[in-house]
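User: Hi! I am new to this structure and would like to learn how to read its features. Could you walk me through it?

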Amino acid sequence: MVALTAARVAERADVLDKCEALRGGFDELAASIEWLIADVPTGESPQWRAGSMKKHVALSIAGRFRENGRPHGAALSVCGHAHRMPAGLPPPSDLPDPRCACVRPPCFSVRSRYRMNFHEYQAKELFAQYGIAVPPGKIASSPDAAVDAAKALGGTQWMVKAQIHAGGRGKSGGVKFCRSFDDVRAAAKGMLGTQMETYQSAGRALPVNLVLVTDATDIARELYLSILVDRDSKSVSFIASKHGGVDIEQVAKDTPEDIHTIVIDFVEGLQPYQCRQLGFAMDLNAKQVNQLTKIMLGLYKLFNEQDLALVELNPLAVLEDGNLAALDGKVNSDDNAEFRHPNLASMRDLSQEDAAEAAAVQNNLNYVTMDGTIGCMVNGAGLAMATMDVIKLAGGEPANFLDVGGGATKERVTEAFKLILSSDKVRCILVNIFGGIVRCDLIAEGIIAAVKEVGLKIPVVVRLQGTNVDQGRELLANSGLAITPADDLNDAAQKAVAAAKG
């Protein structure tokens, strides 16, 4: 269920107009808007004025739909048919009638994609754009370039840090303190071109293609600060602790009283007094509290404007001169908003991602690599998880999670087979498709064509269920290919496990 906040209603009014012109149900929409903003606080005081305005706009839109939304009148569309329009709206030429056979009614869905990670140097670039203090630094792709970076920075002490999409680099030799240019050269040479695995890299060794050379700063204290979407409170929240530079999970386990959380009201936004309260709770002085307030307001603006999923400063350091600075940072973005942020999309480093998973994103497939021998191709995330469970119960191990979506076309099935076969561990492929949106006979034709195109050499077990399932099974049985039809999911899992072991 996607809940639209009142703050979004006004900017999406035009989209809602068009959608409801196609689908009807204006009374229901009006009731939904009124319900959504029922609890928005209003009043004349400054802190509630924004809520009052947003609530007024939302109610106006709801009234417009309730009073004027019923379709009447006609407009000629690009398909040449008379299309009915809601009152008060101009007749756009690209708006089809949902009853026309020439078009398919639009389907609005959100496909969950992978969160994009960023390197430390990229995160710090974003921090600097929003007024968050970071130590100066330069990236380098060779030992000589690292030395040049140190010379450009000046000073007598530097940190050389491997740039990979994982924390825990210091424990794996990915962070070095250097007192001379020779030390910088040696540190960069020892990191660049290597594969680094940390306790946060999920068992993968990530390539080190860049190092960050930054000033070595004298640290008095290390703090922790992060902002993320808290699903429990359904709000953006800050998490902070006076114990930074360590695993925050361990702090929460050992001394939970040192973890501070601020839940942000989506109408009010982050208020300076909340930042000050947090600063004093972390034993900061007045000057540092003011700096923390600026950092937190900058983080909140960054988080919302760039559609991020997580920002973490660990450590947020109190330097010897008493100032605050973000010495390390982690940023995750919400890929569903990638189309709005080409600047973030251009920062993506595919070398840090699983090759198969990166290819799946390019083909709009949900794919996660696993360690088993039975490749899975399923339409629907819930059905895919159930399929993996049944494989485990049958004594097998799934090689992947793969959701091809509702429309299992030949092209999508072909790309899915290629992804599965990119692993040399796969001994059998189990295809489990429910033909609800697409008929089973069309799915079977797509599977047969994809198997021929890919040139599969391993067994394929296919379980189909849904519209025209008998015709689909008959096509598979008569294809002459190494495709084994299955009657149900348990039967399919048992046949797949037997094929993988045989």
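Analyst: Gladly! Keep in mind that this is a predicted model.

User: Which residues have the most contacts inside the largest nonpolar core?

Analyst: They are Phe127, Leu225, Phe238, Met296 and Leu299, in a core of 38 residues. Elements giving two or more residues to this core include helix H5 (120–129), strand S10 (219–230) and strand S13 (308–319). Helix H10 provides the largest share, eight residues. There is also a second, separate core of 33 residues, with Leu365, Phe417, Ile429 and Leu476 among them.

User: Where does Lys234 lie, and what is its phi?

Analyst: Lys234 sits in the loop between S10 and S11, and its phi is near 55°, a positive value. Asp307, in the loop between H10 and S13, also has a positive phi near 55°.

User: Is Asp307 buried or exposed? And why does Lys234 count as exposed?

Analyst: Asp307 is buried because its relative accessibility of 15% is under the 20% cut-off. Lys234 counts as exposed because its relative accessible area, 72%, is over 50%.

Key
Residues numbered from 1 in each chain as written. Predicted model: local features only at pLDDT ≥ 70, side-chain atom pairs only at ≥ 80, totals over all residues. Heavy atoms only, no water. Core = buried A, V, L, I, M, F, W, Y, C linked by side-chain atoms within 4.5 Å. Buried < 20%, exposed > 50% of the residue type's maximum accessible area, 1.4 Å probe, protein only. Helix = DSSP H or I, 4+ residues; strand = E, 2+ residues; numbered from the N terminus.
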